[in-house]
Amino acid sequence: MERQDHDSPSAQVDIEVTINGERFRNRVPARLLLSDFIRDVAGLTGTHVGCEHGVCGACTVIVDGDAARSCSLLAVQVDGCTIRTVEDLATDGGLCPMQQAFHENLALQCGFCTPGFLMTLESVDPQDFADADDLFALLSGHLCRCTGYQNIIKAVASVWNEAIEPHGGRFQS
Amino acid sequence: MKPASFDYYRPSSVSGAVQALADSPFAKVLAGGQSLIPAMNFRLATPPMLVDIARLEDLHGVEVDEHEVTIGAGVTQRHVEMSTRVAEVMPALAEALRWVGHIQTRNRGTVCGSLAHADPSGELPALAINTDADLTVEGPNGIREVPAPDFIRGPFWTDLRPGELITSIRFPVAPRGTTTRVAEIAHRSGDFATVGLVASLTRDGRTIRRARLCGFAVAGTPIRLRSVEGLLPGVEQLDETAGRTLADAAAADLEDPVGDIHATGQYRREALAALVVRTVRSMLEDPQREAS
């Protein structure tokens, strides 16, 4: 099969994407969304699809280091890119510190929004955030309809305060 | 599979993009896609072809000098928001950008894309109109420059002609002593504004020398508030009477407010007036530290 190099208009495109360290080479419809590529082609269903227009944040993944909505990107737009999804966070040793903090602080009930929150948090450096308001602005890109956000903030603050200044209160609301 | 089927094309040059757009009159330009792809998901937009310009190196420039900031059509909103060079000469851009969508969408969405989309509730078209920015547009008949107030023609309607695309936008640097604020009333943080305002005050000490204000999400296009701008020079503080006069001027400037499911036209008129007074008052009370 000859590779379709996007240099002429086509409804089918060949893409090469690395997801959580695994390389995928596929011919896909140009209209295939990244969220559907991740779930249906790569089989990684940890990325959840909520509103499908970039508002709820459930489908957030990391594209070349930056958080992005996988429902508002075509798979072909990330051709050649490196993607990380929520499946990449836990290791054989167990949950990552943020996942552990969500667990300990009861920062989820139904869990539908959780992968998005985790990927946004994974994509940033807490040092770039000055205070709780900065953290709120970051998390405002995610809707949670169960927990009322307080426990989510608590979980993040516990990890970020520890990372920056042990026992500090920079991110306490 | 949410978007309707289309042909995808990734040209290797701007002229290749222009050619493709000229050949397929209903094709759409894809840069960040943060408005276009959601519109396609709902099939509000069903373009037969997307011309992806995101990887064209020629469109990735951010040029900053003491007179202007020029941003290429491939440059993301987040890149501009985080640029220390841009912040030095034009902090108004970062001030406006932090209201645009969310960090997760600003990582992909482009500054020029917001202009091309021309959403009446968008912050960037309002900032472009308020600062007299110029757009550079390339098409089958060559390159032309369009002032932002002429470029934004109506709701989701621009001056772009078949085959044309925006290649860059140029924001003039505001005079020394200018501070810019964006203020919004929205149902939730990061939502489209129900009522929005861009306010730029140029001050000499405490006294306003020049004022530029632009309301957005209140009409089909962002609206410069000319009577408000006329009242502010010479003002140092807003007492209650002056506040009322200013509010009346803002309400009068908004001749034809839009009413929809989120708010009536009358609500928008009153809310914009209140937002103008509140924002100007808060800017006057703030010690003047930001330049430009």
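This is a predicted model: local features need pLDDT of at least 70, side-chain atom pairs count only at pLDDT 80 or more; totals for chains, interfaces and linings use all residues.
Colleague: What is the strand order in the open sheet of 4 strands in chain B?
Modeller: The order is E11-E12-E13-E14, with antiparallel pairing. Strands are DSSP runs of E with at least two residues, helices are runs of H or I with at least four, and both are numbered from the N terminus. Two strands pair if DSSP finds at least two bridges between them.

Colleague: Which strands stand at the edges there?
Modeller: Strands E11 (178-185) and E14 (223-224) of chain B each have a single partner strand, so one side of each is left without a neighbour in the sheet.

Colleague: How many bridges join E13(B) to E14(B)?
Modeller: Strand E13 (residues 207-216) of chain B is joined to E14(B) by 2 bridges, and the two run antiparallel. Within E14(B), Arg224(B) stands opposite Cys214(B).

Colleague: Which strands does H8(B) lie across?
Modeller: Helix H8 (residues 123-130) of chain B lies across E11, E12 (195-204), E13 and E14 of chain B, at about 140° to E13(B). Contact here means heavy atoms within 4.5 Å. Axes are lines fitted to C-alpha atoms, for helices over the stretch in contact, and angles run from 0 to 180 degrees between N-to-C directions.

Colleague: And H12(B), what angle does that helix make with E12(B)?
Modeller: Helix H12 (residues 265-285) of chain B runs at about 30° to E12(B) and lies across E11, E12 and E13 of chain B.

Colleague: Turning to H11(B), what span should its 14 residues have?
Modeller: At 1.5 Å a residue, helix H11 (residues 240-253) of chain B should span 20 Å, and its end C-alpha atoms are 20 Å apart, which agrees. The expected span is 1.5 Å times one less than the number of residues.

Colleague: Which residues of H11(B) are buried?
Modeller: Gly243(B), Leu246(B), Ala247(B), Ala249(B), Ala250(B) and Asp253(B) are buried. They cover an arc of only 160° around the axis, which puts them on the same side of H11(B); the arc is that of the directions from the helix axis to the C-beta atoms. These buried residues pack against E14, H10 (226-231) and H12 of chain B.

Colleague: What does the face turned away from that buried side carry?
Modeller: That face of H11(B) carries the exposed residues Glu240(B), Thr241(B), Asp248(B) and Ala252(B).

Colleague: What happens at the start of H11(B)?
Modeller: A side-chain oxygen of Asp239(B) reaches to within 3.3 Å of the backbone nitrogen of Thr241(B). A polar contact is a pair of N or O atoms within 3.5 Å; within protein, one must be able to donate a hydrogen and the other to accept it, and residues adjacent in sequence count only if both atoms are side-chain atoms.

Colleague: Where is Thr264(B)?
Modeller: Thr264(B) lies in the loop between H11 and H12 of chain B, and counts as partly exposed at 48% relative accessibility. A polar atom of its side chain lies 3.0 Å from the backbone nitrogen of Tyr267(B).

Colleague: Now chain A. Where is Gln77(A)?
Modeller: Gln77(A) is in the loop between strands E4 (66-69) and E5 (82-84) of chain A. At 5% relative accessibility, Gln77(A) counts as buried. Its side chain reaches the backbone nitrogen of Leu74(A) at 2.8 Å. Leaving aside neighbours within four places in sequence, the contacts of Gln77(A) include Ser72(A), Leu30(B), Asp52(B) and Arg108(B).

Colleague: What order has the open sheet of 5 strands in chain A?
Modeller: The order is E2-E1-E5-E3-E4, with mixed pairing. The edge strands, E2 (22-29) and E4 of chain A, each pair on one side only.

Terms used
Residues are numbered from 1 along each chain as its sequence is written. Chains are lettered from A and ligands numbered from 1 in the order in which they are written. Side-chain values use heavy atoms; hydrogens and water are left out. Buried means under 20% relative accessible area, exposed over 50%, partly exposed in between (1.4 Å probe, protein chains only).
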